[in-house]
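Okay, thanks for coming, everyone.

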Amino acid sequence: MNDVLKQLADFGIVPVVKIDDARNAIPLAQALINGGLPVAEITFRTDAAEEAIKQITTKIPDILIGAGTVLTAEQAERATNAGAKFVVSPGFSSSIAKFCNKNKIPFTPGITTPTEIQMALEYELKVLKFFPASVFGGMKAMKAMSAPFPMVKFIPTGGVNIDNLIDYIASPKVHAVGGSWMVKADLIKEGEFDTITSLTREAINVML
Ligand code: 3PG
């Protein structure tokens with residue numbers, strides 16, 4: 001397995017970030033590092049995403065940064081040029097899969113059905129984001145989908161929080177979980193970086 005994907009499994013949790021102002025990027029990265037979780041998926045839901053990725057990856061090499069909510073191959077290219085080490089999308093995209101495979105960038109597309117899993121497998125993608133996990137059947141659905149696809153590992157995301165984290169993490173089919181609960185956009189906007197650190201630390205403690 002690719003090294004970056006291995007690192008995601010080692011971290012166990014991938015904070016999903018929506019950042020409105022790139023000036024908050026460095027303090028955010030520092031807050032996650034201080035909380036013991038040097039990893040983030042920075043979503044292309046805001047115009048600040050690309051610049052935030054660039055700032056963190058050039059100034060703080062000790063944190064693993066990926067790009068999320070990537071909807072086109074062009075965005076994947078911008079994200080990786082900015083320094084993103086992995087690409088996440090909410091659904092499956094063959095154009096992003098082609099771009100990432102060609103450039104040897106780990107890509108974890110969102111899936112909710114066996115059909116989408118098969119589409120991802122056609123591109124040799126075996127670590128898949130199960131999104132939005134809580135709406136599409138949570139652990140029960142994930143376990144059922146695992147049966148015909150023993151080669152697939154999931155990153156359940158969407159509705160994962162401090163209360164159900166352990167149910168997901170305990171499954172051998174779970175590669176890692178994703179979630180925004182410790183890095184809510186409002187916390188970032190309000191400069192509540194100490195809160196981000198303590199929520200992150202709490203998540204790590206629950207996981208361990
Ligand atoms: C994502 O894009 O991965 C989700 O918005 C994260 O879901 P959550 O906000 O329910 O954690």
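So, which side chain does Lys129 meet in a salt bridge? It's Glu41, at 3.6 Å from N to O. By salt bridge I mean a side-chain nitrogen of Lys or Arg within 4 Å of a carboxyl oxygen of Asp or Glu. Lys129 sits in strand E6 (residues 127-130) and Glu41 in strand E2 (residues 39-43), so this pair ties together parts that are 88 residues apart in sequence. Helices (H or I, at least four residues) and strands (E, at least two) here are DSSP runs, numbered from the N terminus.

Quick word on where this comes from: it's a predicted model, where local features need pLDDT of at least 70 and side-chain atom pairs count only at pLDDT 80 or more, while totals for chains, interfaces and linings use all residues. Residues are numbered from 1 along each chain as its sequence is written, and side-chain values use heavy atoms, with hydrogens and water left out.

Back to that pair. Are Lys129 and Glu41 buried or exposed? Both are buried, and the cut-offs are under 20% relative accessible area for buried, over 50% for exposed, and partly exposed in between, with a 1.4 Å probe and protein chains only.

In total there are 7 salt bridges in the structure. Another one joins Lys189 and Asp20, with the closest N and O atoms 3.9 Å apart. Lys189 is in helix H9 (residues 185-189), and Asp20 is in the loop between strand E1 (13-17) and helix H2 (25-34), so parts 169 residues apart in sequence get tied together. Asp20 is partly exposed, at 40% relative accessible area.

Then there's Glu50 with Arg78, where the closest N and O atoms are 2.4 Å apart. Glu50 is partly exposed at 21%, and so is Arg78 at 30%. Shared partners join Glu50, Glu74 and Arg78 into one network of salt bridges.

Now the ligand. Which residues surround it? Among them are Val16, Arg45, Phe131, Thr157 and our friend Lys129, going by a heavy atom within 4 Å. A polar side-chain atom of Lys129 lies 2.7 Å from a ligand oxygen. The side chain of Ser180 has an N or O atom 2.6 Å from an oxygen of the ligand. From Gly159, a backbone N or O atom lies 2.8 Å from a ligand oxygen.

Notes: A polar contact is a pair of N or O atoms within 3.5 Å; within protein, one must be able to donate a hydrogen and the other to accept it, and residues adjacent in sequence count only if both atoms are side-chain atoms.
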